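Student: I have a new structure to read. Could you take me through it feature by feature?

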Amino acid sequence: MDEKPFQDQIGKPNYTETIVLYPNKNQLKSMIIALQEKGIPFVTKSDDDLLGIFGINFFKRSFNLLMDIIDAETIEIKKYLYKQLIKNICLYYYIPFAKSTDFVSDETNYTSEKLTDFICKEKKVSKKEMALIKSIFRDINEFIKTEELNIKVFVNWLVETPKVKKQLIDEEKDWLLKEVSNIKTLKELILKYKAARTLKEEMADKLREYDNNNYNAVYLLTIHSSKGLGYKNVFVKGIYKNSLPDYRSVDKESIELQPLIEQASPPTTMEEQRRLMYVALTRAKENLYVTYPREINDKPTLVSPFIKESNIMFSEEKI
């Protein structure tokens with residue numbers, strides 16, 4: 001199809017005619033990787049989303065503490081941060097902050113055996129889990145001395161701690177485990193973090209240039225943020241069941257909305273999700289492309305029922 005060139009860039013695609021919409025932040029990382037591999041410039045308004053797995057709240061806290069320990073300028077600061085890391089781990093086992101604070105005030109409690117006994121005394125755990133906790137604390141104690149840590153083992157343990165296991169959604173868990181699957185050391189992970197930080201810091205300038213029509217790039221945006229916009233070419237990514245509609249969405253008729261609204265925790269309803277799909281489909285001025293993955297992290301997916309409702313001509317061909 002004929003495209004009006006961007007400024008004087010004859011022979012190059014005019015990426016500013018195209019926007020890519022996605023339902024949730026977990027889908028942003030895969031798009032960024034794909035566009036970088038193809039050498040296609042892009043901009044996005046996302047903030048922490050650009051940090052990828054480093055934007056997942058529980059992981060961000062633990063990872064930042066590990067980095068701060070490495071960067072600590074004195075032994076006293078390192079000991080203080082180590083205490084914070086221990087208390088953070090205790091929270092993942094639902095141990096009150098005050099109780100763990102009291103425990104770590106005694107520096108003789110820093111052995112892997114005493115730390116394990118403290119957690120296991122407060123919360124019932126199996127012998128297998130007790131052995132794993134002891135092994136993790138042994139690794140952390142060694143990390144304090146050497147700054148070396150098998151991050152794959154650490155993360156695989158972390159996602160199975162009681163609080164994280166309860167709060168972390170499956171998609172984020174799979175995403176996190178996949179990202180660290182080929183990483184063995186903390187230093188390797190720090191390099192990935194620094195690359196993500198650089199991308200985030202540079203994005204503000206790129207977006208400013210794009211808004212001033214001085215940067216030829218594809219625009220990546222959440223569906224919700226695209227209200228009121230219109231582009232010649234619109235790609236809507238990741239329209240599968242449990243993504244759109246969101247897996248947490250409920251039928252409006254099946255719940256009492258008012259009490260939840262009063263508690264400032266209104267649920268996502270199927271009606272709201274359907275309206276979001278409508279927003280996505282009506283952003284295109286000429287060309288609309290709606291996609292969904294056959295599988296996520298080797299798990300099969302089902303196409304969103306909204307696609308059938310929209311009467312979109314749909315192809316099952318692999319891209």
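Student: What should I know about the model first?

Tutor: This is a predicted model, where local features need pLDDT of at least 70, side-chain atom pairs count only at pLDDT 80 or more, and totals for chains, interfaces and linings use all residues. Residues are numbered from 1 along each chain as its sequence is written, and side-chain values use heavy atoms, with hydrogens and water left out.

Student: Which helix gives the most to the lining of the second largest pocket?

Tutor: Lining residues have an atom within 4 Å of a point. Helices (H or I, at least four residues) and strands (E, at least two) are DSSP runs, numbered from the N terminus. Here H9 gives the most, with 3 residues. Helix H9 (170-180) and strand E7 (299-300) each supply at least two. The lining includes Asp 170, Tyr 240 and Pro 300.

Student: Is Glu 179 buried or exposed?

Tutor: Buried means under 20% relative accessible area, exposed over 50%, partly exposed in between (1.4 Å probe, protein chains only). Glu 179 lies in helix H9. Its relative accessibility is 17%, so Glu 179 counts as buried. Contact means heavy atoms within 4.5 Å. Not counting residues up to four places away in sequence, Glu 179 touches Lys 29, Ile 53 and Lys 192.

Student: What span does helix H10 reach?

Tutor: The expected span is 1.5 Å times one less than the number of residues. H10 (residues 186-211) has 26 residues and reaches 37 Å from first C-alpha to last, close to the expected 38 Å.

Student: Where is the kink in H10 centred?

Tutor: The bend at a residue is the angle between axes fitted to the seven residues ending there and the seven starting there. In H10 a kink of about 30 degrees is centred on Met 203. Met 203 is among the buried residues of H10. Just after H10, Asn 213 takes a positive phi of about 60 degrees.

Student: Which elements do the buried residues of H12 pack against?

Tutor: They pack against strands E1 (18-22), E4 (231-236) and E5 (284-290), and helix H13 (305-309). Among the buried residues of H12 are Met 270, Leu 276 and Val 279.

Technical notes. On a 1 Å grid over the protein atoms alone, a cavity is a set of points where a 1.4 Å probe fits but cannot get out, and a pocket is an open set with protein on both sides within 12 Å along at least five of seven lines; lining residues have an atom within 4 Å of a point.
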